[in-house]
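Dear colleague,

I am passing on the structure we spoke about, and below it you will find my notes on what came out of the analysis. Please read them with the model open beside you.

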Amino acid sequence: MTDGDQIRRRMQRLVARVTRRDAYGTLLAAGQVIKRVEDVGDPAVWRDEIRRQARADRIKVRTGMTNGIVWALLHYVGATDARHAQSTRYMRALSRVIPEVQTRRHEPNVILRDGDEALFRCERCDAFGYLDSSEERLIVGGELFEADCPHDGPPRTTALTFLA
Ligand SMILES: [Zn+2]
């Protein structure tokens, strides 16, 4: 199996895992879930359903609706050191890998992030990138990191290049 195959397989697994989750599953895994109102049907029903499942699990949530967006947030009680460490690892990994993407003139954005794994895509070409920041030795791959953007001219700043 080539490295490229392995990265593609990791991308597919990440997408499959995240798309299998319903809104409540996403809330539990990511601490938040945000949807466009037009994508959930009736936002009141959506919020009731999340609150119902949370009550059954004795989990505190906040839900709301703002500017066409409906959202739910876990209301954390106490420490979330593991999540904080994960976030630190991820940000550190981004600052290591994103400069290469900029050198290749891509305009990367995050399509999916789940735990230590993330899937990126260039906004002006179809290049994808994958990152697993769970280990000190990062697993990074995809055209975003390995091929130049076919578009000439300097890339615009994206949220991701701004953060990194
Ligand atoms: Zn590109």
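Which elements cover the buried residues of α4? This is a predicted model, and in it the cover over those residues includes α2 (23-30), α3 (37-40), β2 and β3.

Helix α4 itself runs over residues 43-56 and reaches 20 Å from its first C-alpha to its last, close to the 20 Å expected at 1.5 Å a residue. Its residues P43, W46, I50 and A54 are buried, and because they fall within an arc of 65° when seen down the axis of α4, they line one face of the helix. On the other side of α4, A44, V45, D48, R52, R55 and A56 are exposed, while R58, which follows the helix, has a positive phi near 55°.

Turning to the strands, β3 (residues 69-74) pairs in the antiparallel sense with β1 (residues 32-36) over 5 bridges, with I34 standing opposite W71. Strand β2 (residues 61-66) also pairs with β3 in the antiparallel sense, over 6 bridges, and there M65 has V70 as its bridge partner. β2 and β3 form a hairpin with 2 residues between them, where N67 in the turn has a positive phi of about 45°.

Note on methods
Residues are numbered from 1 along each chain as its sequence is written. This is a predicted model: local features need pLDDT of at least 70, side-chain atom pairs count only at pLDDT 80 or more; totals for chains, interfaces and linings use all residues. Two strands pair if DSSP finds at least two bridges between them. Helices (H or I, at least four residues) and strands (E, at least two) are DSSP runs, numbered from the N terminus. The expected span of a helix is 1.5 Å times one less than its number of residues. A residue is buried if 20 or more other C-beta atoms lie within 10 Å of its own, exposed if 12 or fewer, and partly exposed in between; C-beta atoms are placed from the backbone. The arc is that of the directions from the helix axis to the C-beta atoms. Two residues are in contact if their C-beta atoms, placed from the backbone, lie within 7 Å.
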